[in-house]
Amino acid sequence: MAEERRGSGGEGKLRTYHGKRDFARTSEPRGGRRRRRGAEPRFVIQHHAARADHYDVRLEVDGVLKSWAVPKGPSTDPRVKRLAVPTEDHPMEYLDFEGTIPQGEYGGGTVLVWDTGTYRNQTRKRGRDIPVEDALAHGHVSVWLEGEKLRGGYAFTRFRGGSAGRGRDEAWLLVKEDDDEADARRRPVSSRPESVLTGRGMRAVAADEDGGGAGRPGHRSAAEHREGRKDRRSEAGRATRGGRDRRRGQGGESDVTATREAVRAGRRSVPLGHPDKVLIEEGRLTKRGLAEHFLRASEPMLAEIGGHPLALQRFPDGTAGQSFYQKRLPDHAPDWLSSVEVRRHEDDTMTMLVCEDAASLVWLADQAVLTPHPWLSRADAPDLPDRMIFDLDPPDADRPDFDLVRRTAWRLRALLDELDVPGYLMTTGSRGLHVVVPLRREEPFDEVKHVARQIAELLVARDPGHLTTEVRKKQRHGRLFVDVLRNAYAQLAVAPYAVRPLPQAPVAAPVAWDELDGLESARQWTVRTIEARLAEGVDPWRGMHRRGRSLARIGERVRRLSDGG
């Protein structure tokens, strides 16, 4: 992977960057001595309120950050083409830069880390992988972003007729690729303006002039802000426990105000703000109804997501408004919640929620979290997944062919039987099915993903007319994509019994294999119709993790089957 060594030429690539800056005045990093070994390449998108407000998109390539200024910021709509103007290479230390560049300096104005993460190169030509450096030289590179706000394929393409040099007259386009992460309705820039490092908005960053790191104005380290967030969270937890109006109600003792009530969950009473707020209009699911659903489902739900870091898909204004994913535990979270500090990148961490009890699920409802998304690994060993997931969605979202999904699930079940591997089934509550293989926590994500891809390729080879492992939609030609992309570090999967933001509030539901042929769609159950199933104690995944398999043995069987043995 990318690496910059002392004297390797990284400083030469930064000559333009250095020549434009007075480091006695600006708090921007000088760079040039950072070493990177064996890590996935990273990206950052920074909101930059300079003379002209814009977003800087930067990709780690050969020890520096290749950079483009994108005036309107990235889009998640494949039909939208964004102008992207190349700028000078930046040092790797700029990945975490957030602060204010003094007026009069080059790029003077406030900089906020809007999104960051890792990426993988997916540029191909005539069936051959093209290195990023070569792809950039030829004017087209395709990457898959794994950020906190953005996920999916993005293409950088030089304008036809544009200069191939590195002058300001060179122009590129940034376009969201048409994959499963595309969303024409989403407005990522306007709906999520805050920093992913510190949670601050642009005004707060600009106002932090006197909190300078290393004695320089306008910059405060990400570590300092993380400590501040922890302090604020502790204060918020103390505030949650204080100042309650305790009254006697018909159902016993509860805490009530005009817009707040308390929900009893085990030994804890959890405040629920605006309990009558409607989250899903078609079906009239309220925050109270969501809390009640999570309580009914708490035992089988916690058996699967307990101990796993959670990302939260929140709908503060209901599904009619904007939603967003929250991976960091918010500052206002009460301190009785469990959490874990996980590695985001090789040199950065974040604190995430871990649900350990029913009260935590009620708190999710209070935060309007319809859909919690757990990691595939547990907090005590985040690099070692305890499951492998195959995601099967119909190829046409507008005309979903669930029969093809059902047939593919049966084909996968037959293949897993040949490998002597158990598979567990779940409707996603949206369009398709998940098939889950429990694993012993012995191997890292890269190995799990490799074996999952091998299994997917075996499956596709048996029905190439209907199945594919092509990530790009235009290469699928109407075939079902056997998706194993979730089998990677920090990737997410919808939680069992999570509510999907769709009409009638459908629920992701574990099902037995003998129920598969009776399923009409992935939305077989809703919050209301699954109530009886939960009351009867139906839990097709009960005891799943006691059947965890060794990945090494699965890999051996896959190889024998691939070789015709």
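**Helices, sheet and cores**

Student: Is the crossing of α10 and α11 left-handed or right-handed?
Tutor: Helices are DSSP runs of H or I, at least four residues, and strands are runs of E, at least two, numbered from the N terminus. A crossing is left-handed if the near helix is turned anticlockwise from the far one by less than a right angle, right-handed if clockwise. The crossing of α10 and α11 is right-handed.

Student: The model is predicted, so local features need pLDDT of at least 70 and side-chain atom pairs 80 or more, while totals for chains, interfaces and linings use all residues. Residues are numbered from 1 along each chain, and side-chain values use heavy atoms, without hydrogens or water. At what angle do α10 and α11 pack?
Tutor: Axes are lines fitted to C-alpha atoms, over the stretch in contact for helices, with N-to-C angles from 0 to 180 degrees. The axes of α10 and α11 lie 10 Å apart. Their angle is about 120°.

Student: What does that make α10 relative to α11?
Tutor: Under 35 degrees is roughly parallel, over 145 roughly antiparallel, 65 to 115 roughly perpendicular, the rest oblique. So α10 is, relative to α11, oblique.

Student: Which residues of α11 meet α10?
Tutor: Contact means heavy atoms within 4.5 Å. From α10 come T408, R411, L412, L415 and E418. In α11 they meet I455, L458, L459 and R462.

Student: Which strands stand at the edges of the sheet?
Tutor: The open sheet has 6 strands in the order β26-β27-β23-β25-β24-β28, with mixed pairing (at least two DSSP bridges between two strands). Two strands each have a single partner, so one side of each is left without a neighbour. They are β26 (467-468) and β28 (509-511).

Student: What is the bridge partner of F390 in β25?
Tutor: β23 (387-392) and β25 (433-438) pair in the antiparallel sense over 6 bridges. F390 has as its partner V435.

Student: What angle does α10 make with β25?
Tutor: α10 (402-418) packs on the sheet and touches β23, β24, β25, β26 and β27. Its direction makes with that of β25 an angle of about 15°.

Student: Which residues touch the most other members of the largest nonpolar core?
Tutor: A core is a set of buried Ala, Val, Leu, Ile, Met, Phe, Trp, Tyr and Cys joined through side-chain atoms within 4.5 Å. Buried means under 20% relative accessible area, exposed over 50%, partly exposed in between (1.4 Å probe, protein chains only). The largest core has 100 residues. Its most connected members are M388, F390 and I455.

Student: How many residues of α8 are buried?
Tutor: Helix α8 (298-305) is mostly covered. S298, P300, M301, L302, E304 and I305 are buried.
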